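Welcome, and please take a moment to turn the model around before reading on. The notes below are meant to be read with the structure open beside them.

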Amino acid sequence: MAGPGRTAVGGSAREPLPGARRVADLAREDSVQVTLRLRRRQPLPAETASALATRADLRREHWSHAQLVADHGASGADVEAVRAAADRAGLRVVSADRARRTVVLEGSAAAVGRTFAVTLGRYQHRTGRYRGYKGPVRFPEELATRVEAVLGLDDRPQLHSRTTPVTGTTSAGDVTPSPVTTIADAYGFRSCGTGAGQGIGIVALGGGYRDSDVQAYAARLGLSSAPTVVAVSVDGAGNVPTGSVTGLDSEVALDVQVALAVAPAAAITVYFAPNTDAGMLGAITTAVHDTTHRLSVLSISWGSAEATWTGSALAAIDDALLEAALLGVCVVAAAGDNGAVARVPDGRVHVEFPASSPYVLSCGGTRLELADQRIAREVVWNDGSGHASGGGISDTFDRPPWQASVGLPPSLNPGGRVGRGVPDVAGDADARTGYEVLVDGTWAVTGGTSAATPLYAAYLATLSASLGQRVGYLNPLLYRLAGTPALRAITVGDNGVPGTAGYRAGPGWDCCTGLGVGSGPGLRAALGALSDPPPPT
């Protein structure tokens, strides 16, 4: 693969994390894995995305997996060309998947660096060390038309968990936790059944769950049969509990147990992947193309500001989310827990990806207050210390057609861009009114938009079972219901954080809670009406 002819991979340039310094070159013999995303055998028809965005009824026909792979998966010729080039470069093919359009290569740092014309180094950051490079990735011209993205050369932690723990026990201060079932019932999210026959996928980028916790939690729910929870390894990652109640185990436990509480008869599959750009692509493509577990919904409680992604990584993952929409898999992603700034301290406002993808149902956060297990008050989640519902206007994605009629505000950044608005819906995320979960044998209290995300994902699984068809790509349908009783607007609060003003909630759609909170029975009835045949003319 070496040679003078080189083509830069568009959008692949990296810069060190702010404040990071290069401390050493990577040892030549160190092993490095890299993921190549290949082009489609045939491009998708030009009208595919617009048809998805404008078809607003449940009678949509989803693509079959076989159809998508046969017509628009990677070609065998492209896979073989990459294999041959890798062999010449001294790299090993770890895996090749035409459906996922990925080839994973492995080799020494020296061979990988020569192949992609980068100098890999160790960088020291306040959060720890990571492997990285500076500038663009370049590959030989023989692969320039075959490969769309090269990911994984940089292994910095790309995403952040969206869980916000309060304590390792349920007895701290002013915490007034609720069982997940109580929160779900206040929203009516358990009114559509148990989700039998549906598959719920969960992306996990660290930590793990214990079967003993799952069984104990199910017993507390009074389930008569054992729940189905399966772990799938992606790119070498696995279900590895850390033993820390407030660490990443709390994220995995929260995702699994919230889904289990709302949809106890659904099959839950957890996709464990490395916390890198390649890991997120691997998790999504593995889940979307999983013909064994066949998901109805995919829950992603991880994200990071759009500005932290390379253009090629963001485009590759967004393309995978488009495939989820085509196949009828509804992807729900957390909008973030750091208000309008999304952890970027530059005085501007930001939204997080993958929540900002137009192919994702983005979930913001509220503070839910109950009285006698009924909703007494609900406002935008904002604790005043920097934890608040994420949301705003995308700097990357244009306004989708289904948001044209809800009056998106201009971005608060200079220029006032009107792009894709985040979030779409919202649910309880305040850990101090939050969720009780069992983490490594200890009952803990937690929250965040990663609590609301699996709550909606599981509810949508029950909706799919109740309606007799997957809700699939929900956004075009949901925005038809704006202003109806199917959605309850949240009108009080904002998502500003200390030092940076955010967006305010109000009637209709807003950048804190989107269209508001779904009404369990009301949304089911409204979506059911969208599946009815049109009246005779």
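## Strands around β18

Strand β18 and strand β22 (residues 425-428) pair in parallel, with four bridges between them. In this pairing, C363 sits opposite V425 of β22. Bear in mind as you look that this is a predicted model.

β18, which covers residues 361-371, has a parallel pairing with strand β16 (residues 330-334) as well, this one over three bridges. Here V332 faces L361 of β18. With strand β19 (residues 374-380) the direction is antiparallel, and six bridges join β18 to β19. R367 is found opposite V379 of β19. The hairpin of β18 and β19 has two residues between the strands, and D372 adopts a positive phi near 55 degrees there.

## The four-stranded sheet

Which order do the strands of the open sheet follow? Reading across, the four strands come as β4-β5-β3-β9, with antiparallel pairing. The edges are taken by β4 (92-97) and β9 (147-151); each has a single partner strand, so one side of each has no neighbour in the sheet. On average, and ignoring direction, neighbouring strands here are turned by 20 degrees against each other.

Within this sheet, β3 (residues 31-38) and β5 (residues 102-108) run antiparallel and are joined by seven bridges.

Two helices to look for here are α4 and α8. Helix α4 (residues 109-116) lies across β3, β5 and β9 and runs at about 125 degrees to β5. Helix α8 (residues 277-288) also lies across β3, β5 and β9, running at about 50 degrees to β3.

How do α8 and α9 pack, and at what angle? Two packed helices are described by the angle between their axes and the distance between the axes. For α8 and helix α9 (residues 311-327), the angle is about 10 degrees and the axes are 10 Å apart. Angles under 35 degrees count as roughly parallel, and α8 and α9 are therefore roughly parallel to each other. On the α8 side, the contact is made by D277, M280, L281, I284, T285 and V288, while α9 supplies A313, A316, I317, A320, L321, E323, A324 and L327. Sorted by class, this contact has 11 nonpolar residues, one polar residue and two charged residues.

Strand β6 (residues 121-125) pairs with strand β7 (residues 128-132) in the antiparallel sense, over five bridges.

Rolling a probe the size of a water molecule over the atoms shows where empty space is left. How many cavities of 30 Å³ or more does the structure hold? There are four, and the largest cavity has about 60 Å³ of space. Its lining consists of S12, R14, Y133, V137, V150, L151, G152, L153, D154, D277, T310 and S312. By class, five of the lining residues are nonpolar, four are polar and three are charged.

The largest pocket has a volume of about 800 Å³. It is lined by 28 residues, and L17, P18, H160, T308 and R343 are the ones nearest its centre. The pocket lining divides into 12 nonpolar, 10 polar and six charged residues.

Methods:
Residues are numbered from 1 along each chain as its sequence is written. This is a predicted model: local features need pLDDT of at least 70, side-chain atom pairs count only at pLDDT 80 or more; totals for chains, interfaces and linings use all residues. Side-chain values use heavy atoms; hydrogens and water are left out. Two strands pair if DSSP finds at least two bridges between them. Axes are lines fitted to C-alpha atoms, for helices over the stretch in contact, and angles run from 0 to 180 degrees between N-to-C directions. Contact means heavy atoms within 4.5 Å. Angles under 35 degrees count as roughly parallel, over 145 as roughly antiparallel, 65 to 115 as roughly perpendicular and the rest as oblique. Ala, Val, Leu, Ile, Met, Phe, Trp, Tyr, Cys and Pro count as nonpolar, Asp, Glu, Lys and Arg as charged, and the others, Gly among them, as polar. On a 1 Å grid over the protein atoms alone, a cavity is a set of points where a 1.4 Å probe fits but cannot get out, and a pocket is an open set with protein on both sides within 12 Å along at least five of seven lines; lining residues have an atom within 4 Å of a point. Grid points are joined across faces, edges and corners, and a volume is the space filled by probe spheres set on the points.
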